[in-house]
Amino acid sequence: MKLIIAKYKSREMSFGPREGELVQNPKKAKGRGLNSIPIRFTLMSLFFTALCTFLQYYYVLPLMESGTSSILVIGMIALSILIPAAITNFAANKLTGTIRELNKSTDAIAQGDFDKPVNVDCACEVGNLADSFRAMVNRLNSNIVRINTLAYTDAVTGLPNRAVIGHVLDLAAQMRGRAECKGALMFIDLDGFKRVNDTHGHEGGDELLRQVSSRIIEGGFNLTRDQIENCTTAFGELRQTCPERLVFARFAGDEFVVLMPGDHSVSSLAEHANDILKAINRPFMVCGNELRIGASIGIAQVTTGSDDPRQLLINADIAMYSAKESGKNQYRFFDESLTPTSVIKLKLICARQSNRKN
């Protein structure tokens, strides 16, 4: 989805109570009175008609009656005709120039140049047309931003969603050999979340998810929400470059995924995993009740098991499953030893991820 941008600054226009609704300043209404194109051309026609009549009556006729050279007389007549025509042509070109400029802006936007400003500010009816176009674009921009937000943001936690994680991993796979998109991935699954949902309902579960996401960001990585990468541009579209900052997303249900760009040692990853577990193990207050839950974390790196970034998610999921099988509330790194004994589990995981996408 493309975002259309029109840059506009005017002291004569303001937005009304509804977003995108354009309100004109009645004291400076465009296209009215002397700003009206028909009135301007009518007055200009009257003025030059009167001027030509005056010149011919007081200058051309006396020359003709005095027997002055016919060449001079013809020249005076031609001059009295050409001057109004030239001025009219100048005025018409100035008017159509604003129309051409507006046409260039709309053509540029139609061809994908979404940064092209609408450089038209005219007091006549063309200015009204440009203002209406800007208002339309502003409303469209607002709608597109909302659509992109719904497409790439989790409605409960406000984090990036599964679509963002899939995009980043696919992008990293496509860019192999052309760019360095190394990193590590953590797959976090909450232990005991279903009990909270059953006891306190979905509202309580949603509140717990919001608190958990904040604790992982702040306690696990010592960051704020503003410091994590949302992987979208100012236009609301997904970025086509590998992220440089940490990406934290709600993957599905009570599952979260952390993408950590760059090279990371096993010790640093283990330290982050321990910090996450400590943060989640502290009691939560939900609906006036103190709750305790845990988490199982699987960790995988691009250089571990496969150089395909898309395999990273599966490897981390396998490691998380192993941590859960080993007693929950712990973390586990993916390694090759998990593969031979986890073929059936891997198939179940792949089927589960396929169901998530559907």
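Sheet pairing and aromatic contacts

Me: In this predicted model, which residue of E5 is the bridge partner of Met 186?
Reply: The partner of Met 186 in E5 is Val 258.

Me: What makes strand E3 and strand E5 a pair?
Reply: Pairing needs at least two bridges. Seven bridges join E3 (residues 183–191) to E5 (residues 255–261), so the two strands pair. They run antiparallel.

Me: Why do strand E4 and strand E9 stand at the edges?
Reply: The order of the open sheet is E4-E5-E3-E8-E9. E4 (247–252) and E9 (331–333) each have a single partner strand, so one side of each is left without a neighbour in the sheet.

Me: Why is the pair of Phe 248 and Phe 256 called stacked?
Reply: The ring centres are 5.5 Å apart, and the limit for a pair is 6.5 Å. The planes stand at 20 degrees; under 30 counts as stacked, so this pair is stacked.

Me: How do you know whether Phe 248 and Phe 256 are buried or exposed?
Reply: Buried means under 20% relative accessible area. Phe 248 has 0% and Phe 256 has 0%, so both are buried.

Me: What makes the pair of Tyr 331 and Phe 333 edge-to-face?
Reply: The angle between the planes is 85 degrees, and over 60 counts as edge-to-face. The centres of Tyr 331 and Phe 333 are 6.0 Å apart, within the 6.5 Å limit.

Me: Why does Tyr 331 count as partly exposed, and Phe 333 as buried?
Reply: Tyr 331 has 26% relative accessibility, which falls between the 20% and 50% cut-offs. Phe 333 has 19%, under 20%, so Phe 333 is buried.

Note on methods: Residues are numbered from 1 along each chain as its sequence is written. This is a predicted model: local features need pLDDT of at least 70, side-chain atom pairs count only at pLDDT 80 or more; totals for chains, interfaces and linings use all residues. Side-chain values use heavy atoms; hydrogens and water are left out. Helices (H or I, at least four residues) and strands (E, at least two) are DSSP runs, numbered from the N terminus. Buried means under 20% relative accessible area, exposed over 50%, partly exposed in between (1.4 Å probe, protein chains only).
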